Amino acid sequence: MQVTIQPENNVAVASVEGRLDAVSAPELESKLSASIDEGQTSMILDLTNLDYISSAGLRVILSTTKKLKKAQGKLVLCNLQQAVMQIFEISGFCSILTITDDKEAAFSKI
Amino acid sequence: MTEALIIKYSATLENLSEISSKVLSAAADRGLNKKQLNDLELSLEEAIVNICNYASEGRDGKLEVIVDTDKDGRIVVQVIDNGIAFDPLSIPDPDLTVDIADRPIGGLGIFLIRNLMDDVKYRRENNKNILELIITPEA
């Protein structure tokens, strides 16, 4: 799993690639947490190249969303692959998270 | 008739990748399609992560995984551990309607297994937890 965070228009855009499972989820958690600690309150997770997500990954996304919400901030997800979207749907995350088709739409939701 | 795959490992997350790779290979040989393999991969991870985190309770947990086909042609992946008695199927489904602020962080693993597999069974036998992930090969 690789995560790179780039600032774009005052938003932290995190590209998460590869597999987000129980082994790699802690690394994502700590990188996103560090970004929030640095003062970032607007975040976009670009999941274009994320091929796999398990409940460990869902938990990190949920806890990051809650942290940002507490800081009056927001998290938007975009470019989910079909298999990943299926897991979000099954777990009911689609109704509690902001998910858009592409990055442009994600910026409009921030 | 293909022989059953039987593999044994310590119940640690470091072994997840290797266990998964062997199980998926055996399941592919038995006819699971790509989507079913993805579903099995996720279910297997959830099952093993729960065992590593809970059933083992920090002791030297041991895992045995068996892949076989039953008499009805269904692929059965048995995940067997020697940890404390723990029936994952007794955990209630998470409440999906709850608002984000109130949604608890845990409880998803088992829920995903139940939704992705055709059937899931648990039994306790000889001081071991036996979780069966069952899936019927589709074209």
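This briefing walks through a helix contact between two chains, the make-up of chain B, and a handful of individual residues. Keep in mind that this is a predicted model.

**Where the α3 helices meet**
- As for handedness, α3(A) goes past α3(B) in a right-handed crossing.
- From the chain A side, Gln86(A), Ile87(A) and Ile90(A) make the contact.
- Facing them from α3(B) are Phe111(B), Leu112(B), Asn115(B) and Leu116(B).

**Chain B at a glance**
- Chain B is built with 3 helices and 5 strands.
- Reading from the N terminus, the order of its elements is β-α-α-β-β-α-β-β.
- The chain has 139 residues, and 48% of them are buried.
- Take the contacts in chain B with a separation of 6 or more: 62% of these are between residues 24 or more positions apart.

**Glu132(B), a glutamate in a strand**
- Glu132(B) sits in strand β5 of chain B, which spans residues 128-135.
- Its relative accessibility is 15%, and the cut-off for buried is under 20%, so Glu132(B) counts as buried.
- The side chain of Glu132(B) has a polar contact of 3.3 Å with the side chain of Arg123(B).
- Setting aside residues up to four places away in sequence, Glu132(B) touches Val76(B), Val77(B) and Gln78(B), and also Asp119(B), Val120(B), Lys121(B) and Arg123(B).

- Met1(A) belongs to the segment ahead of β1, the strand at 2-8 of chain A.
- With 25% relative accessibility, Met1(A) counts as partly exposed.
- Beyond its neighbours within four places in sequence, Met1(A) is in contact with Val16(A), Glu17(A), Arg19(A), Leu20(A), Ser24(A), Glu27(A) and Leu28(A).
- Leu58(A) is 57 residues from Met1(A) in sequence, and their C-alpha atoms are 14 Å apart.

**The asparagines between β1 and β2 of chain A**
- Asn9(A) is in the loop that links β1 to β2, the latter being the strand at 11-20 of chain A, and Asn10(A) is in the loop between β1 and β2 as well.
- Asn9(A) is not a glycine, yet it has a positive phi of about 50 degrees.
- Asn10(A), also a non-glycine residue, has a positive phi of about 65 degrees.
- Both land in the exposed class, where the cut-off is over 50%: Asn9(A) has a relative accessibility of 66%, and Asn10(A) has 72%.
- For a sense of distance, Asn9(A) and Phe93(A) are separated by 84 residues in sequence and by 27 Å in space, C-alpha to C-alpha.

Key
Residues numbered from 1 in each chain as written. Chains lettered and ligands numbered in written order. Predicted model: local features only at pLDDT ≥ 70, side-chain atom pairs only at ≥ 80, totals over all residues. Heavy atoms only, no water. Left-handed = near helix turned anticlockwise from the far one by under 90°. Helix = DSSP H or I, 4+ residues; strand = E, 2+ residues; numbered from the N terminus. Contact = heavy atoms within 4.5 Å. Buried < 20%, exposed > 50% of the residue type's maximum accessible area, 1.4 Å probe, protein only. Polar contact = N/O pair within 3.5 Å; in protein donor to acceptor, adjacent residues only side chain to side chain.
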